[in-house]
Amino acid sequence: MELTVVNIITNAVQKGLKYLVPVFVNAVLWVVTFWIPYLNVGTTIGLLVGIVAKMSRDEEVSMTEIFKPEYRKNMGEYFLVLGFMMAGIMAGMLFFYIPGFVIMVAWMLAPLLVIDKNMTPIDAISKSNVMTYGKKWVIFGSLVLLQILGFIALFIGTFIFGKIPAIGGFLSFIWTIGGMALIATVIMAAQSIIYGELSK
């Protein structure tokens, strides 16, 4: 598949709907167990990185995916890659913001490469930079547009449901929760499509 804004958005919506239920259940379990030290590191990596990696290969995501011990194996490398990324992005932001956003997109696949491919943080950052070369504006535009479209739909639905007498508040609440879950899942799906295509 050619990486274009239209292709990423179209496929992300389809994949997001496919994975909505397991992602939502895992997110709820993450919220419930986030207070547990050490376990919360693995569940966070599983939710933000592990599930995206599985989505990129169209693999099944279990309802308890985030609890798999494999996500705690590379937590040191995960924190290192996040630290390097934050330092690079913050340094780029000092030069009137735009370089910071460019670095953020260029390095966005590094955590996936660390966890999914067992790469070292430096190698993962370097590889991510190579993988995203020439595709940064497509990637950035797709992710931003998905969020804008998602929140517009969320706002319109909340407004419409809010006008229904008696049950409008309840319907608006359900729409908001479901909409937020779908937006998050579609963004994860977009990341998985980008990662899947560029890591071939």
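Me: Is Thr 132 buried or exposed in this predicted model?
Reply: Thr 132 sits in the loop between helix H6 (121-131) and helix H7 (136-162). Its relative accessible area comes out at 0%. Buried means under 20%, so Thr 132 is buried.

Me: Which residue has its backbone oxygen 3.4 Å from a polar atom of the Thr 132 side chain?
Reply: We're still in that loop between H6 and H7. The side chain of Thr 132 has a polar atom 3.4 Å from a backbone oxygen, and that oxygen belongs to Asn 129.

Me: What does Thr 132 contact, leaving aside neighbours within four places in sequence?
Reply: Val 105 and Ala 106 are on the list, and those two are in H4. Ile 139 is there too, and that one belongs to H7.

Me: How are H4 and H7 arranged, parallel or perpendicular?
Reply: Their axes come within 10 Å and cross at roughly 95 degrees. Angles of 65 to 115 degrees count as roughly perpendicular, so H4 and H7 are roughly perpendicular.

Me: How many charged residues are in the contact of H4 with H7?
Reply: From H4 come Phe 101, Val 102, Val 105 and Ala 106, meeting Lys 136, Ile 139 and Phe 140 of H7. By class that gives six nonpolar residues, no polar ones and a charged count of one.

How values were computed: Residues numbered from 1 in each chain as written. Predicted model: local features only at pLDDT ≥ 70, side-chain atom pairs only at ≥ 80, totals over all residues. Heavy atoms only, no water. Helix = DSSP H or I, 4+ residues; strand = E, 2+ residues; numbered from the N terminus. Buried < 20%, exposed > 50% of the residue type's maximum accessible area, 1.4 Å probe, protein only. Polar contact = N/O pair within 3.5 Å; in protein donor to acceptor, adjacent residues only side chain to side chain. Contact = heavy atoms within 4.5 Å. Axes fitted to C-alpha atoms, helices over the stretch in contact; angles between N-to-C directions. Parallel < 35°, antiparallel > 145°, perpendicular 65-115°, else oblique. Nonpolar A, V, L, I, M, F, W, Y, C, P; charged D, E, K, R; others polar.
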